[in-house]
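Hi,

Here is the structure we talked about handing over. Please have a look at it, and read on below for what turned up.

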Amino acid sequence: MASATDDTISLIQRYYALFNSGDRPALLALLDDEVTHDINHGASEKGRATFERFLRRMDRAYAEQVEELVVMATEDGRRAAAEFFIRGTYLATDDGLPEANGQKYWLRVGAFFEIGDNGLIRRVTNYYNLTDWLRQIGA
């Protein structure tokens with residue numbers, strides 16, 4: 001029988017597998033309706049519909065793949081952390097950022113999750129080194 005830790009690790013691994021495959025409806029189905037999304041160097045947003053709009057914006061401006069994923073979870077399965085690299089291409093200029101022209105980047109990312117009683121992701125918090133990203137795209 002799987003433990004709460006194993007279930008949470010599997011959930012987060014599935015989240016990133018769906019991210020990599022581009023299956024946004026299946027990825028969004030792993031999120032609680034009232035998910036909180038803490039954006040790196042940005043605001044906190046609430047709700048699955050808001051998260052979906054964020055993904056659409058990201059998919060327009062960036063092509064990204066998660067690589068070298070490591071996931072850890074608490075014994076009760078309520079919280080998880082992931083470390084990975086994003087291999088990406090900056091496709092289209094994102095609001096408030098330098099001009100895009102297909103720049104490639106490889107960036108270490110940390111992410112933190114909270115899991116609700118319903119087994120869905122209730123919070124996603126992402127962190128990466130924005131200064132390093134800007135350097136990599138030649139800003």
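Below are some notes on the pocket and the salt bridges.

This is a predicted model, in which local features need pLDDT of at least 70 and side-chain atom pairs count only at pLDDT 80 or more, while totals for chains, interfaces and linings use all residues. Residues are numbered from 1 along each chain as its sequence is written, and side-chain values use heavy atoms, leaving out hydrogens and water.

The largest pocket holds about 690 Å³ of space (on a 1 Å grid over the protein atoms alone, an open set of points where a 1.4 Å probe fits, with protein on both sides within 12 Å along at least five of seven lines; lining residues have an atom within 4 Å of a point; the volume is the space filled by probe spheres set on the points). Of its 31 lining residues, Ile39, Asn40, Phe54, Met58 and Tyr128 are closest to the centre. Helix α3 gives the largest share of the lining, five residues (helices are DSSP runs of H or I, at least four residues; strands are runs of E, at least two).

There are eleven salt bridges (a side-chain nitrogen of Lys or Arg within 4 Å of a carboxyl oxygen of Asp or Glu). Asp59 pairs with Arg24 at 2.7 Å, N to O, joining helices α3 and α2 across 35 residues. Arg24 is buried at 14% relative accessible area (buried is under 20%, exposed over 50%, partly exposed in between, with a 1.4 Å probe and protein chains only), whereas Asp59 is partly exposed at 35%.

Arg79, Glu114, Arg122 and Arg123 form a salt-bridge network; within it, the closest N and O atoms of Glu114 and Arg122 are 2.2 Å apart.

Best wishes
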